[in-house]
Amino acid sequence: MKHLSTTVLKDCTRISASIDRVVAPTPAGRLRAFVLHPTHDAGRAPLVVLHGISRNAKELARLFAPEAARTGRRIVVPHFTPNRWPHFQRPCRAARPDVALAGLMDFLATQDAAFARPAQIFGHSGGAQLAHRFAMLYPNRVARLSLVAAGWYCLPDDRMAYPYGLNDKNDRQLALWVRRHRAGLARFLSIPTEILVGDSDTGRDESLRQTSDLDLVQGTTRVARAATYAEALRTAATQAGVSADVTLTALPGVQHDVAQAIRVAGLARHVAGPDLFPFAQAV
């Protein structure tokens, strides 16, 4: 790809996929990314892999490299660096990671038309938060959602005020964001969505947002909140007259650790498809 350096990470030298480092100019600011190129093109949607607050993009690029080689899929791992992107989990007045992500895909599409296809978006923890909010704002750019262990969600209903839900509480600023998220809601609800969480991801650590209203409506753990979100999607889809494809999957023995989920439960292989988990259970 033009303008991209072709630095192959050491761990991937025996794998039939190269990893390029990219710095994309976007309307919201520069965004770094690792781009995984397989040696063959299977014609499938590109896969975007979004890290959480550990910002372990390089590690995720290494862990997903075998899947690029196996499936022939292009895989993009954005890196929201802390100095440029202190806030990346959701669009807000202080930052527009959604605009940056869209701009990254547009930039890549100028080099390779395959990146113009609607993408599958995978995110873990904070990355899952950005993934589902990006899909709400840009549903036509998303072919599939894979959300793993988000700390909390933007429910597609008005039980909670934005950003926890789509109630604007008669606040003009909130109303603007709610209108943006509601504009493509029917299309968003039709996106095939898998929600995954480790069945041992039940801790209430400092990275888990905790308020009385959030605990009451969405649940007290990531496991409970995942179940709440799955049910909210199904209910909203029914009310909108949309056929929903929503699955909720528990990863046995997995805590809040994406690398553990990949190595123990086969998460990366499952997400890249088409194989099923060796151990996971539908809920």
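At what angle do the axes of helix α1 and helix α8 cross? In this predicted model, the axes of α1 (residues 57–71) and α8 (residues 258–265) cross at roughly 10° and come within 11 Å. That makes α1 roughly parallel to α8, a label for angles under 35 degrees. Axes here are lines fitted to C-alpha atoms over the stretch in contact, with angles from 0 to 180 degrees between N-to-C directions. Helices are DSSP runs (H or I, at least four residues) and strands are too (E, at least two), numbered from the N terminus.

Which residues in α1 and α8 meet? The table lists them, with contact meaning heavy atoms within 4.5 Å.

| Helix | Residues in the contact |
|---|---|
| α1 | E59, L60, L63, F64 |
| α8 | V258, A259, I262, R263 |

This contact of α1 with α8 has six nonpolar, no polar and two charged residues. Ala, Val, Leu, Ile, Met, Phe, Trp, Tyr, Cys and Pro count as nonpolar, Asp, Glu, Lys and Arg as charged, and the others, Gly among them, as polar.

The structure holds one cavity of 30 Å³ or more (on a 1 Å grid, a set of points where a 1.4 Å probe fits but cannot get out). About 30 Å³ of space lies in the largest cavity. Its lining includes H124, D201 and V258. β7 (193–198) and α8 each give two or more residues to that lining.

Residues are numbered from 1 along each chain. Local features need pLDDT of at least 70, and side-chain atom pairs count only at pLDDT 80 or more, while side-chain values use heavy atoms, without hydrogens and water.

Key:
Parallel < 35°, antiparallel > 145°, perpendicular 65-115°, else oblique. 1 Å grid on protein atoms, 1.4 Å probe; cavity = no way out; pocket = protein on both sides within 12 Å on 5 of 7 lines; lining within 4 Å. Points joined across faces, edges and corners; volume = space filled by probe spheres on them.
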